[in-house]
Amino acid sequence: ASHAHYLASELSKIEGFKLVDEKPFFHEFLMTCPVCPAKLNEKLAEEGILGGLPVDGNILWCATEMNSKCEIDKLVSLAAKIVKEEA
(Lines give C-alpha, C1' and ligand atoms only; values in the text may rest on other atoms or scores of the structure.)
Protein backbone atom coordinates (compact mmCIF):
# COMPACT_ATOMS: atom_id res chain seq x y z
CA ALA A 1 0.00 0.00 0.00
CA SER A 2 1.09 3.60 -0.48
CA HIS A 3 2.59 5.63 2.34
CA ALA A 4 -0.63 7.68 2.58
CA HIS A 5 -2.67 4.50 3.11
CA TYR A 6 -0.18 3.31 5.73
CA LEU A 7 -0.43 6.68 7.54
CA ALA A 8 -4.24 6.59 7.45
CA SER A 9 -4.27 3.03 8.75
CA GLU A 10 -1.88 3.80 11.61
CA LEU A 11 -3.58 7.07 12.63
CA SER A 12 -6.99 5.37 12.67
CA LYS A 13 -5.69 3.12 15.48
CA ILE A 14 -5.64 6.24 17.70
CA GLU A 15 -9.04 6.92 19.23
CA GLY A 16 -10.63 9.97 17.61
CA PHE A 17 -8.84 9.79 14.26
CA LYS A 18 -11.21 8.45 11.62
CA LEU A 19 -11.45 8.89 7.86
CA VAL A 20 -14.20 11.42 7.11
CA ASP A 21 -15.29 9.37 4.11
CA GLU A 22 -14.35 6.03 2.66
CA LYS A 23 -13.70 7.27 -0.88
CA PRO A 24 -10.50 6.00 -2.48
CA PHE A 25 -7.55 8.39 -2.12
CA PHE A 26 -4.01 8.69 -3.39
CA HIS A 27 -1.77 11.01 -1.32
CA GLU A 28 -4.27 13.10 0.66
CA PHE A 29 -7.07 12.15 3.03
CA LEU A 30 -9.32 13.95 5.53
CA MET A 31 -9.71 12.64 9.08
CA THR A 32 -11.57 13.66 12.19
CA CYS A 33 -9.18 14.96 14.85
CA PRO A 34 -9.69 14.26 18.57
CA VAL A 35 -7.83 17.44 19.58
CA CYS A 36 -7.56 20.93 18.11
CA PRO A 37 -5.76 20.43 14.76
CA ALA A 38 -3.77 23.66 15.22
CA LYS A 39 -2.58 22.50 18.65
CA LEU A 40 -1.64 19.09 17.21
CA ASN A 41 0.36 20.75 14.42
CA GLU A 42 2.07 23.09 16.89
CA LYS A 43 3.27 20.15 18.98
CA LEU A 44 4.32 18.14 15.90
CA ALA A 45 6.27 21.19 14.62
CA GLU A 46 8.19 21.30 17.92
CA GLU A 47 9.52 17.87 16.89
CA GLY A 48 10.30 18.99 13.34
CA ILE A 49 7.23 17.33 11.79
CA LEU A 50 4.93 19.10 9.36
CA GLY A 51 1.39 18.15 10.36
CA GLY A 52 -1.83 18.16 8.39
CA LEU A 53 -3.96 21.04 7.18
CA PRO A 54 -6.82 22.00 9.52
CA VAL A 55 -10.14 21.88 7.61
CA ASP A 56 -13.40 22.64 9.47
CA GLY A 57 -12.27 20.95 12.69
CA ASN A 58 -10.88 17.98 10.78
CA ILE A 59 -7.34 17.49 9.48
CA LEU A 60 -6.16 16.88 5.92
CA TRP A 61 -3.09 14.64 5.87
CA CYS A 62 -0.75 14.07 2.96
CA ALA A 63 1.99 11.46 2.58
CA THR A 64 4.02 10.46 -0.45
CA GLU A 65 6.82 8.04 -1.15
CA MET A 66 9.16 10.84 -0.01
CA ASN A 67 7.96 10.15 3.56
CA SER A 68 9.76 7.14 5.01
CA LYS A 69 7.95 4.52 7.09
CA CYS A 70 10.17 5.56 9.98
CA GLU A 71 9.02 9.21 9.65
CA ILE A 72 5.39 8.12 9.47
CA ASP A 73 5.79 5.92 12.56
CA LYS A 74 7.33 8.87 14.43
CA LEU A 75 4.40 11.13 13.45
CA VAL A 76 1.85 8.51 14.56
CA SER A 77 3.64 7.88 17.85
CA LEU A 78 3.80 11.61 18.60
CA ALA A 79 0.16 12.12 17.57
CA ALA A 80 -0.90 9.38 20.01
CA LYS A 81 1.13 11.01 22.79
CA ILE A 82 -0.28 14.48 22.04
CA VAL A 83 -3.88 13.18 22.00
CA LYS A 84 -3.34 11.58 25.45
CA GLU A 85 -1.83 14.80 26.84
CA GLU A 86 -4.59 17.02 25.42
CA ALA A 87 -7.49 14.78 26.40
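The chat below covers a helix pair, then a sheet and the helix lying across it.

Q: Is this a predicted or an experimental model, what does the record say?
A: It is a predicted model.

Q: OK, helices. At what angle do the axes of H1 and H3 cross?
A: Roughly 25°, and the axes of H1 (residues 3-11) and H3 (residues 69-86) come within 10 Å. Angles under 35 degrees count as roughly parallel, so H1 is roughly parallel to H3.

Q: Right-handed or left-handed crossing?
A: The crossing of H1 and H3 is right-handed.

Q: Which residues meet there?
A: From H1, His3, Tyr6, Leu7, Glu10 and Leu11; they meet Lys69, Ile72, Asp73, Leu75, Val76 and Ala79 of H3.

Q: And how many of those are nonpolar, polar or charged?
A: The contact of H1 with H3 has 7 nonpolar residues, 1 polar and 3 charged.

Q: Switching to the sheet. What is the strand order?
A: E1-E3-E2, in an open sheet of 3 strands with antiparallel pairing. E1 (28-32) and E2 (53-55) are the edge strands, each pairing on one side only.

Q: How much are neighbouring strands turned against each other?
A: By 30° on average, direction ignored.

Q: How many bridges join E2 to E3?
A: There are 3 bridges between E2 and E3 (residues 58-62), and the two strands run antiparallel.

Q: What stands opposite Leu53?
A: Leu60 in E3.

Q: Last one: where does H2 lie?
A: Helix H2 (residues 37-46) lies across E2 and E3, and runs at about 40° to E3.

Conventions
Residues are numbered from 1 along each chain as its sequence is written. This is a predicted model: local features need pLDDT of at least 70, side-chain atom pairs count only at pLDDT 80 or more; totals for chains, interfaces and linings use all residues. Side-chain values use heavy atoms; hydrogens and water are left out. Axes are lines fitted to C-alpha atoms, for helices over the stretch in contact, and angles run from 0 to 180 degrees between N-to-C directions. Helices (H or I, at least four residues) and strands (E, at least two) are DSSP runs, numbered from the N terminus. Angles under 35 degrees count as roughly parallel, over 145 as roughly antiparallel, 65 to 115 as roughly perpendicular and the rest as oblique. A crossing is left-handed if the near helix is turned anticlockwise from the far one by less than a right angle, and right-handed if clockwise. Contact means heavy atoms within 4.5 Å. Ala, Val, Leu, Ile, Met, Phe, Trp, Tyr, Cys and Pro count as nonpolar, Asp, Glu, Lys and Arg as charged, and the others, Gly among them, as polar. Two strands pair if DSSP finds at least two bridges between them.
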